[in-house]
Amino acid sequence: MSDIAIQYLPSSAADAKRLASKLGIAAHEIALHRFPDDEMRVTVGPTTSTTIIYASLDRPNDKLIAVLFAAEALRRQGSKRLVLLAPYFCYMRQDSAFHAGEAISQRAIGKLIVNTVDRVITVDAHLHRTHDIQAAFPGIEADNLSAMPAIMSTLRSDNIDPAAVVIGPDSEARQWVSRLAECLGLTYTVAQKVRYSDRSVEIRIANPSLFAGHPALITDDIVSSGGTLIACAKALSAAGATVIDAVVTHALFPPELMVAFTKAGIHSIRSTHSVPHATNTFVLDDLFASVLRCEFGDTIPFGAIS
Ligand code: R5P
């Protein structure tokens, strides 16, 4: 049995293969067969003593089952260590029972995962009330990486207008906008968000004059329904922003939403490769390669990683 390889869900194929080639290790697709009644058969590739399961968990329900079954097969065939690399990790937002009777999805999924793999690696996990990723995955190793270095290194070479103002749509985004603005030498502010429903939000900008005659750069972790981005863009247009661009970590929205974004005055949206998407711009391979180094023991095959 060889030492280490990546096995990936078909939906993560391109990103997993690129990472495997950077690491100089094999990558095998986990084959999924759907039976007529919608049950699934999962077939893994050749077993290695350490296996990195690459599975970004957007639109997660089927993917979670596939990961669970793949882990069963890999363990039974002799894998000693399973590392789940899930650049987007699902169900982190429901970290509390907000109304009587609601399940705490984050907790339920956490229990499932800690009984399945030995380590979880993810990016910009949506942690609000659970401040430490370790608390979401008790008893196993868990890394919550920041996409900011990858985003910043691309934006630095972008010749951004020094008059641009960075804006986070809500207080949780302060951590990203402050870092980005500081790195690029730009001004920033954080808006106030009121969410009325899954798709309906209101954004209030306390200091709209900041944007009059200036380009705006919206920065957020997730775009899902697009409600936040659209409300933010409308508030920025009303404030007199000249151009509105957005950078996000996880693009979860359907491509047809681009029409609504354009209508709301958004000039561009760029996302990381955490979730395969037409807006993917910021590659996360260096980030993953450096955090995976320790899985290689003494035989690190990728000394050239920047
Ligand atoms: C919320 O706290 C997040 O940071 C995002 O702003 C939110 O998930 C975006 O969701 P949507 O696109 O559905 O408004």
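In this predicted model, an oxygen atom of the ligand lies 2.9 Å from a backbone N or O atom of glycine 226, a polar contact in the sense of a pair of N or O atoms within 3.5 Å. Serine 224 also contributes a backbone N or O atom, 2.8 Å from an oxygen atom of the ligand. Of the 380 Å² of accessible area that the ligand has on its own, the protein covers 93% (Shrake-Rupley method, 1.4 Å probe).

The shell around the ligand consists of 17 residues, and Asp220, Asp221, Ser224, Ser225 and Thr228 are the closest; a residue belongs if one of its heavy atoms lies within 4 Å. By class, eight of these residues are charged, seven polar and two nonpolar (Asp, Glu, Lys and Arg count as charged; Ala, Val, Leu, Ile, Met, Phe, Trp, Tyr, Cys and Pro as nonpolar; the others, Gly among them, as polar). Strand β13 (216–223) supplies the largest share, four residues, while β11 (192–195) and α7 (227–239) each supply at least two. Helices (H or I, at least four residues) and strands (E, at least two) are DSSP runs, numbered from the N terminus.

Elsewhere, the model holds three aromatic pairs, meaning rings of Phe, Tyr or Trp (its six-membered ring) with centres within 6.5 Å. The ring planes of tyrosine 54 and phenylalanine 288 stand at 90° with centres 6.3 Å apart, so this pair is edge-to-face (planes over 60 degrees apart). Because tyrosine 54 lies in strand β5 and phenylalanine 288 in helix α9, the pair ties together parts 234 residues apart in sequence.

Residues are numbered from 1 along each chain as its sequence is written, and side-chain values use heavy atoms, leaving out hydrogens and water. Local features need pLDDT of at least 70 and side-chain atom pairs 80 or more, whereas totals for chains, interfaces and linings use all residues.

Note on methods. Polar contact = N/O pair within 3.5 Å; in protein donor to acceptor, adjacent residues only side chain to side chain. Phe/Tyr/Trp six-rings, centres within 6.5 Å; stacked < 30°, edge-to-face > 60°.
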